Amino acid sequence: MQYFLLVLLACPSPLSAPPALHTCQGLAPCLPEEGQVNTSGPRLWLATLRPASSSSAAMDRIFSALLLSFLLLLQSYGVRGAPPQQRGTLCRTKPTDLVFVIDSSRSVRPHEFEKVKVFMSRVIEGLDVGPNSTRVGVINYASAVKNEFSLKTYQTKAGLLQAVRRIEPLSTGTMTGLAIQFAISRAFSDSEGARVRSPNFNKVAIVVTDGRPQDGVQDVSARARAAGIEIFAIGVGRVDMHTLRQIASEPLDDHVDYVESYSVIEKLTHKFQEAFCVVSDLCATGDHDCEQICISTPGAYKCACKEGFTLNGDGKTCSACSGGSGSALDLVFLIDGSKSVRPENFELVKKFINQIVDSLEVSDKQAQVGLVQYSSSVRQEFPLGQFKNKKDIKAAVKKMAYMEKGTMTGQALKYLIDSSFSIINGARPGVPKVGIVFTDGRSQDYITDAAKKAKDLGFRMFAVGVGNAVEDELREIASEPVAEHYFYTADFRTISKIGKKLQMKICIEEDPCECKSIVKFQTKVEDLINSLQQ
């Protein structure tokens, strides 16, 4: 029997979106990566966005799709408020002994603790609860440990949900190691309803915390993992990330999550619902990367192509022709460098920028890239056309220094209009203009007039928000249709594989060769994103 310990620390994560079937002209139907299932642990979900339709040339639309793919890579699966995906007969939860280990120390305010209870309730709602399926217990800790209820206490979902609503915070210290030891010796014991270790059952602990523990966690967490307990660690706010990594099971990318605040912790719900989901037909659930045809085999799948197409070396995508070149486009990144971003996340933003640069054909006749950073003031890192190749652009991005301070998004938008897209700063007449605004918080100045003017001038504006970004402001910045031009994610790591959904929508009326160029781009971005998770 495998044991799972769920350690909840303060950090951000994602949700999901509805499946759809899209078709490229000359390419066979491709299923987006919706409703993905992972039997070995939580997965990362990727989202992509699609630019507004226009009368621009075909390759312009393709490039816009590439940019949108990047933006949507930042989006959690379904973070725009889509309801959790309904479970069908193909998705059932594997019998699990699940224990929540919840930090309610004095740093967790009462209204924040309520958010943790909502998160637990949402996860429980997605489980098959019963004596022969999933059993749930909750450990509440601060300076001491309180066993709120054990694995044997409630055998129905309704009983569990009522019990969670009654939990009150302890509001003292942070003895995370003591709580994990309690989980090993008490919560996962036979006397408290834990089942005998068996391949047919999982034992999982979810640890949620928002601070640095006052005791050691490394040794006790190692003992828990050795006992067969799989541990997920969720960190919130100013949590110590090193502590989360000491607690969590391997691979750490799957078992460590971070959210900026408790207000977004609920967005981790879908991840854990999928982590506990078990299916036999992976193709039927969309849990695959096949561009055209998915063929199910017992517990696995393989990809195939329609007649007239050949399977590429990656075993997933299909080729109809060789083609795909860049289109003329002036692209400016407008990057929030305020102090709330934090240095480690600012480095991730720089990596994302360079991933997009890698996908472009940079030259005087094709793509030009400019970069602006803002905080309490605005600083042009480099204008359009200053660098003539990808290597120089990427080097300049890497050298960009973090500004910190405030968040003057309105001032930055005005600079984009007045300076970044001006001829004197390298913009080319008649070439499509694209602005990508990246922010992690509420603007400290007025954005409405500048946001409207940018769109009135014909600039295609994408708004990407992370963490505490205000979604109303993102919508105000984004071009029409707004739903396709603004994206929000609670965490930089909450990336899934919905990218192909955008790519196929963009391809609908395109030449197969042009469609293939997007497929190639998407594959490249996904590979880069996977490496970024490290």
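The model is predicted, and local features need pLDDT of at least 70. Residues are numbered from 1 along each chain as its sequence is written.

**Exercise 1.** Work out how helix 12 and helix 13 pack, at what angle and how far apart their axes are.

*Solution.* Start with the general idea: two packed helices are described by the angle between their axes and the distance between the axes. Helix 12 covers residues 409–420 and helix 13 covers residues 448–456; their axes are 8 Å apart, at an angle of about 30°. Helix 12 is therefore roughly parallel to helix 13 (angles under 35 degrees count as roughly parallel). Next, look at the contact (heavy atoms within 4.5 Å). Helix 12 contributes Gly410, Leu413, Lys414, Ile417 and Asp418, while helix 13 contributes Ala450, Ala451, Lys453 and Ala454. Sorted by type, these residues give 5 nonpolar, 1 polar and 3 charged.

**Exercise 2.** Is Glu404 buried, partly exposed or exposed?

*Solution.* Locate Glu404 in the loop between helix 11 and helix 12. Its phi is positive, about 65°, although Glu404 is not a glycine. Its relative accessible area is 39%, so Glu404 is partly exposed (buried means under 20%, exposed over 50%, partly exposed in between, with a 1.4 Å probe and protein chains only).

Key:
Predicted model: local features only at pLDDT ≥ 70, side-chain atom pairs only at ≥ 80, totals over all residues. Heavy atoms only, no water. Axes fitted to C-alpha atoms, helices over the stretch in contact; angles between N-to-C directions. Helix = DSSP H or I, 4+ residues; strand = E, 2+ residues; numbered from the N terminus. Parallel < 35°, antiparallel > 145°, perpendicular 65-115°, else oblique. Nonpolar A, V, L, I, M, F, W, Y, C, P; charged D, E, K, R; others polar.
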